[in-house]
Amino acid sequence: MPGTARRSEGNTVGRGKQINYQAIPEAYRPREQEGAADDAERSRSTTQEKDGSKRNLIYPEAPEPLPLPVIDNHTHLDFRDGKLNVSVEQAVQAAAQVGVAGLIQVGCDVPSSEFAVRAAQQNPAVLAAVAIHPNDAARLAERGQLDAAIERIDELAGQERVRAVGETGLDYFRTGPEGRPVQEESFRRHIEIARRHGKALQIHDRDAHQDVVRVLRDEPLPPKVVFHCFSGDAQLARICNENGWYMSFAGTVSFKNSTGIQDALALADPRLILVETDAPFLTPHPYRGRPNASYMIPYTLRFMAGHRGADLEQLCSQVMANTLEVYGAF
């Protein structure tokens, strides 16, 4: 656990891997006397992986800086992982040290969306996205609170520093068939909000590709559509290419079993490629399962360049141009 790990260089943690604590950004290094993660309003599970093994809660070492700056298209700074409290300013500074010049802070309910707006208003390297996550939409509907929540998202979407409505969409992994009609209703209402305010749409699509595409084809769309944490295959990539929908690749693209996502990356129109962390989740290989943060983007982007046979500097330049095309200047 971070509260008890020694910080001396060369300490061994987990499966025998030595960790150079001095290579971890200072704000992310293990330190004593941190509050428990379950004290936070939102936090990632700190206990075990699906296979029953304990998670290594120490953040990875910082990667080599990128040759040109990029933006983390999707992150959650209000989620804690392990026992660390890292401020927005500290997260932005750590990311900047490796060439990640800014980030999109993404909401998934009213409190996190309000957090995103505050973060964007207080830090010039942060822009906000606001929404009710599809899984939260189903839960709020059960309590009769969905309409009020979406109305608040509509209010927040009008803020200048809010550049996207999301993450919204469909999730058939965590919500069963009984919740799908509510998810779709919420999705359609978010599309309308994004279109009316002229903001980009950030889509959460988990095990629901066909229905997400169906809804998008049904509705008048906002100017820009982004598939956050792109999880489709070559077929969905072709559909995105045909429609001018952006594909944002997270650390999952580097996983050894993600052949479908890797096929999609190979086919993606370079003008439609974005990169993200979805931190603190989806840490790229070789640190899968460890905590994630915006400073980890270079690991994912280097994998993407290698997989596409692309020059890293050119890919950075293209991804940055794409990001500014979607969200505008910071």
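## Ground rules

Since the model is predicted, local features need pLDDT of at least 70 and side-chain atom pairs count only at pLDDT 80 or more, while totals for chains, interfaces and linings use all residues. Residues are numbered from 1 along each chain as its sequence is written, and side-chain values use heavy atoms, with hydrogens and water left out.

## The annotated histidines

An unreviewed UniProt entry puts its "binding site" annotation on H204 and H228. They are spread over 25 residues of sequence, yet they cluster in space, with a largest C-alpha distance of 5.9 Å. UniProt positions follow the numbering used here, feature names are shortened, and annotations may be inferred rather than shown by experiment.

H204 sits in strand β7 (residues 200–206); strands (E, at least two residues) and helices (H or I, at least four) are DSSP runs, numbered from the N terminus. H204 counts as buried because its relative accessibility is 12%, where buried means under 20% relative accessible area, exposed over 50% and partly exposed in between (1.4 Å probe, protein chains only). Leaving aside neighbours within four places in sequence, its contacts (heavy atoms within 4.5 Å) include H133, E167, D171 and H228.

H228 is in the loop between β8 (225–227) and α7 (234–243). At 4% relative accessibility, H228 is buried too. Not counting residues up to four places away in sequence, H228 touches H74, E167, Q202, I203, H204, S248, E276 and D278.

Helix α1 (residues 88–96) has V88, A91, V92, A94 and A95 buried. Seen down the α1 axis, these fall within an arc of 165°, so they line one face of the helix; the arc is that of the directions from the helix axis to the C-beta atoms. The buried residues of α1 pack against β4 (100–106), α2 (110–122) and β5 (126–130).

How do α2 and α4 run relative to each other? Their axes come within 10 Å and cross at roughly 10°, and α2 and α4 are therefore roughly parallel. Axes are lines fitted to C-alpha atoms, for helices over the stretch in contact, with angles from 0 to 180 degrees between N-to-C directions. Angles under 35 degrees count as roughly parallel, over 145 as roughly antiparallel, 65 to 115 as roughly perpendicular and the rest as oblique. V110, S113, E114 and V117 of α2 meet A149, R152, I153 and L156 of α4.

## A131

A131 lies in the loop between β5 and α3 (134–142) and is buried, with a relative accessible area of 0%. Not counting residues up to four places away in sequence, A131 touches, among others, S113, I153, E167 and H190.
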